Amino acid sequence: MDKQELETTVSKVLDEMRERPIPLGVSNRHIHLSEDDYARLFPGQPISEKKGLLQPGQFASDQTLTIVGPKGQLKNVRLLGPLRSASQVEISRTDARTLGITAPLRMSGDLAGTPGVRLVSPFAELDLTSGVIVAQRHIHMSPLDALILRVSHGDSVSVAIEGDARRLVFDNVAVRVSPDMCLEMHIDTDEANAAGADNPQVCARLVMP
């Protein structure tokens, strides 16, 4: 095989890899806690893993809490681990209306100017002064995935959700690249319902320019 044939073959393989489905994760409402806040809500109890998540080192814990807002509450909301430097509550727009708050659309960790809520565990209550967001839809990926897909950390891309009669294209999907991430798109339950993502045939594909 000469150089031109090799380049053609490699280009074809990369094109095929760019067409591969992206694993689609539907993020239900959940909570991240700082070590201090966790200690107040679950005194003397180490956080325990219930189920591992696709992203390396991430897990759903056995611990759940109730989120209380001015107009309503959400019970049995799962705490995700490991513990973080700052507490954060991720909900959908529908959840925000149930609670009676206005949660801004943000990337995880961008908590300045966000509203707070009350968190209730079986042992204690805690009033967060901030930290409630609706998470911006995004794709996690490794540097190799980003190289193959020709995107960079911080890019905004379009992703087609295919396989259901309600198929659609999501614009403004944030790209998050890190060596400790694997390929997965995250949308919330409102977005999943709009796209018919409960259909097992549904998959996500990057829309190439």
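How many aromatic pairs does a search of the whole structure find? The search finds 2 aromatic pairs. The structure is a predicted model.

**Aromatic rings**

- Tyr38, Phe42 and Phe123 together form one aromatic cluster.
- A pair of aromatic rings is described by the distance of the centres and the angle of the planes.
- The pair of Tyr38 and Phe42 is stacked, with 5.1 Å from centre to centre and 25° between the planes.
- The pair of Phe42 and Phe123 is edge-to-face, with 6.1 Å from centre to centre and 70° between the planes.
- Phe42 sits in the loop between α2 (35-41) and β3 (49-52), while Phe123 sits in the loop between β8 (118-120) and β9 (125-127), so this pair ties together parts that are 81 residues apart in sequence.
- Tyr38 and Phe42 are both buried. For Phe42 the relative accessible area is 3%.
- Phe123 is partly exposed, and its relative accessible area is 47%.

**The largest pocket**

- The largest pocket holds about 860 Å³ of space.
- Its lining is made up of 37 residues, and those closest to the centre of the pocket are Ser27, His30, Leu53, Leu80 and His186.
- Five elements are listed as giving two or more residues to this lining: β1 (24-27), β2 (30-32), β5 (73-81), β11 (138-141) and β14 (184-188).
- Strand β14 supplies the largest share of the lining, with 4 residues.
- Sorted by residue type, the lining of the largest pocket has 11 nonpolar, 15 polar and 11 charged residues.

**Cysteines**

- The count of disulfides is 0.
- A disulfide needs the two sulfur atoms within 2.5 Å.
- Is Cys203 buried or exposed? Cys203 counts as buried, at 16% relative accessibility, because the limit for buried is under 20%.
- Cys182 is partly exposed, with a relative accessible area of 22%.

**Backbone details**

- The peptide bond from Gly81 to Pro82 is cis, and its omega is near 5°.
- Pro82 is part of the loop between β5 and β6 (88-90).
- Arg150 is not a glycine, yet it has a positive phi of about 60°.
- The position of Arg150 is in the loop between α4 (143-149) and β12 (156-162), and at 59% relative accessibility this residue counts as exposed.
- Asn172 is also a residue other than glycine with a positive phi, and the value is near 55°.
- Asn172 belongs to strand β13 (residues 168-177).

- Where is Gly100 found? Gly100 is in the loop between α3 (93-99) and β7 (105-106).
- Gly100 is partly exposed, with a relative accessible area of 30%.
- Setting aside residues up to four places away in sequence, Gly100 touches Pro70 and Lys71.
- Gly100 and Val68 are 32 residues apart along the chain, and their C-alpha atoms are separated by 9.4 Å.

- Thr66 has its place in strand β4 (residues 59-68).
- At 16% relative accessibility, Thr66 counts as buried.
- Which residues is Thr66 in contact with, leaving aside its neighbours within four places in sequence? Thr66 is in contact with Gln73, Leu74, Lys75 and Asn76, and also with Arg118, Leu119 and Val120.

Key:
Residues are numbered from 1 along each chain as its sequence is written. This is a predicted model: local features need pLDDT of at least 70, side-chain atom pairs count only at pLDDT 80 or more; totals for chains, interfaces and linings use all residues. Side-chain values use heavy atoms; hydrogens and water are left out. Buried means under 20% relative accessible area, exposed over 50%, partly exposed in between (1.4 Å probe, protein chains only). On a 1 Å grid over the protein atoms alone, a cavity is a set of points where a 1.4 Å probe fits but cannot get out, and a pocket is an open set with protein on both sides within 12 Å along at least five of seven lines; lining residues have an atom within 4 Å of a point. Grid points are joined across faces, edges and corners, and a volume is the space filled by probe spheres set on the points. Ala, Val, Leu, Ile, Met, Phe, Trp, Tyr, Cys and Pro count as nonpolar, Asp, Glu, Lys and Arg as charged, and the others, Gly among them, as polar. Rings of Phe, Tyr and Trp (its six-membered ring) pair if their centres lie within 6.5 Å; planes under 30 degrees apart count as stacked, over 60 as edge-to-face and the rest as tilted. Contact means heavy atoms within 4.5 Å.
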